[in-house]
Amino acid sequence: MRHLMSPLDFSVEELDQLLDLANDIERNPEKYAHACDGKILATLFYEPSTRTRLSFESAMMHLGGKVLGFSSANSSSAAKGESVGDTIRTVSCFADIAAIRHPKEGAPLVASMVSSIPVVNAGDGGHQHPTQTLTDLLTIRSLKGRLDNFTIGLCGDLKFGRTVHSLIEALVRYPGVRFVLISPEELRVPDYIREDVLKASGHEFEEVIRLEDAIPDLDVLYMTRVQKERFFNEEDYVRMKDFYILDKEKMGLASPDMLVLHPLPRVNEISTEVDSDPRAVYFKQVQYGRYVREALILTLLEVKVC
Ligand code: NCD
């Protein structure tokens, strides 16, 4: 039985197969419409979510399966002090696969260690968000045609942004990817990402503060929200929250082929005037998120569709 805790849980070859499967689901949805008949997905969300939870649920429904779960810690026995381990043991009696989001780093991993069903990390604190990374990889590969030899700018809250950490870990496995890390001094990537992932991989990377300076060289710009819920005080958040605002003027400095991705939710970091620009693909990215979660559910449940 396999779980998904980090994008590294799949080899590059396995990831390629998963993304191929997601593209096939996109092209031939009817082929997969009953692939998970009789199966149940549990979504255990101890933190707010719109896209991740609903796209998991939509993915299972598009495969013919059913879903159950909770969308806040308050509405589960966590409020009575139950551990994630006991919760997943219970849910293992009711469902075939579970997606868990939790504010504590490592909570989904702890759950996976005692679970008798596959567990997917749907975001653990400021640590990792592997299914967002699958979404990002599928979006880039489908729209750019490759996952190697390109320059990506990651902009915003690189310290607390778990989607950024997972995406960097995944992309250093592809040759010729160049990273431009765009953040204020206080929100730079954690040391383990800089030292153990970026430096250790030998990939070219630079850290800059001004988006205007970096944008002309980028093939992909990955914008992120300042992670309000991970700040220790409101004052620091207020000072940081509007540090970057991508608008029409800045888009004018970018290449005509640059893609703008964002895991969403957006707050102020992308002006709505950018939404109509064909390079803004963050809502397409949401759609890819559903296809790739369908592919993931099939893979972890070992369902083969011929
Ligand atoms: C992200 C997350 O939860 O980390 N959202 C998502 O799942 N698409 C990004 C964010 O909340 O900023």
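**Pocket, ligand and cavities**

Reply: This is a predicted model. The lining of the largest pocket divides into four nonpolar, 10 polar and six charged residues.

Me: What volume does the largest pocket have?
Reply: The volume of the largest pocket is about 440 Å³. Its lining consists of 20 residues, and Arg101, Arg162, Arg225, Leu264 and Pro265 are the closest to the centre.

Me: Which elements give two or more residues to that lining?
Reply: Those are α2 and α6, the latter spanning 162-171.

Me: Good. Where does the ligand sit?
Reply: In the largest pocket.

Me: And which residues surround the ligand?
Reply: The shell is made up of Thr52, Arg101, His129, Gln132, Arg162, Thr163, Arg225, Gln227, Pro263, Leu264 and Pro265.

Me: How does that shell split by class?
Reply: Around the ligand there are three nonpolar, five polar and three charged residues.

Me: I'd like some distances for my notes. Which side chains have an N or O atom by a ligand oxygen?
Reply: Thr52 is one of them, with a side-chain N or O atom 2.8 Å from an oxygen atom of the ligand. His129 is another, where the distance from a side-chain N or O atom to a ligand oxygen is 2.7 Å.

Me: What about a nitrogen atom of the ligand?
Reply: There, Pro263 comes in through its backbone: one of its backbone N or O atoms is 2.8 Å from a ligand nitrogen.

Me: How much of the ligand does the protein bury?
Reply: The protein buries 94% of the 320 Å² that the ligand exposes when taken alone.

Me: Let's go back to Leu264 and Pro265. Where is Pro265 found?
Reply: Pro265 belongs to the loop that runs between β9 (259-261) and α11. Leu264 is placed in the loop between β9 and α11 too.

Me: Is the peptide bond from Leu264 to Pro265 cis or trans?
Reply: That bond is cis, and its omega is near 10°.

Me: And what is the phi of Leu264?
Reply: Leu264 has a phi of about 65°, a positive value, although this residue is not a glycine.

Me: Which residues lie nearest the centre of the largest cavity?
Reply: Its lining has 13 residues, and Arg51, Gln132, Thr135, Gln285 and Val286 lie nearest the centre. Two or more of the lining residues come from each of α2 (51-62), α5 (130-144) and α11 (282-300).

Me: Which element gives the largest share?
Reply: That's α11, with five residues of the lining.

Me: What are the classes in the lining of the largest cavity?
Reply: Four nonpolar, seven polar and two charged residues.

Me: Last one: what lines the second largest cavity?
Reply: Gly156, Met223, Thr224, Val226, Met240, Lys241, Phe243, Tyr244 and Glu269 do. By class, they come to five nonpolar, two polar and two charged residues.

Notes: Residues are numbered from 1 along each chain as its sequence is written. This is a predicted model: local features need pLDDT of at least 70, side-chain atom pairs count only at pLDDT 80 or more; totals for chains, interfaces and linings use all residues. Side-chain values use heavy atoms; hydrogens and water are left out. A residue is near a molecule or strand if one of its heavy atoms lies within 4 Å of it. A polar contact is a pair of N or O atoms within 3.5 Å; within protein, one must be able to donate a hydrogen and the other to accept it, and residues adjacent in sequence count only if both atoms are side-chain atoms. Accessible areas come from the Shrake-Rupley method with a 1.4 Å probe; for residues, only the protein chains shown count as cover. On a 1 Å grid over the protein atoms alone, a cavity is a set of points where a 1.4 Å probe fits but cannot get out, and a pocket is an open set with protein on both sides within 12 Å along at least five of seven lines; lining residues have an atom within 4 Å of a point. A molecule sits in a cavity or pocket if more than half of its atoms lie within 2 Å of its grid points. Ala, Val, Leu, Ile, Met, Phe, Trp, Tyr, Cys and Pro count as nonpolar, Asp, Glu, Lys and Arg as charged, and the others, Gly among them, as polar. Helices (H or I, at least four residues) and strands (E, at least two) are DSSP runs, numbered from the N terminus. Grid points are joined across faces, edges and corners, and a volume is the space filled by probe spheres set on the points.
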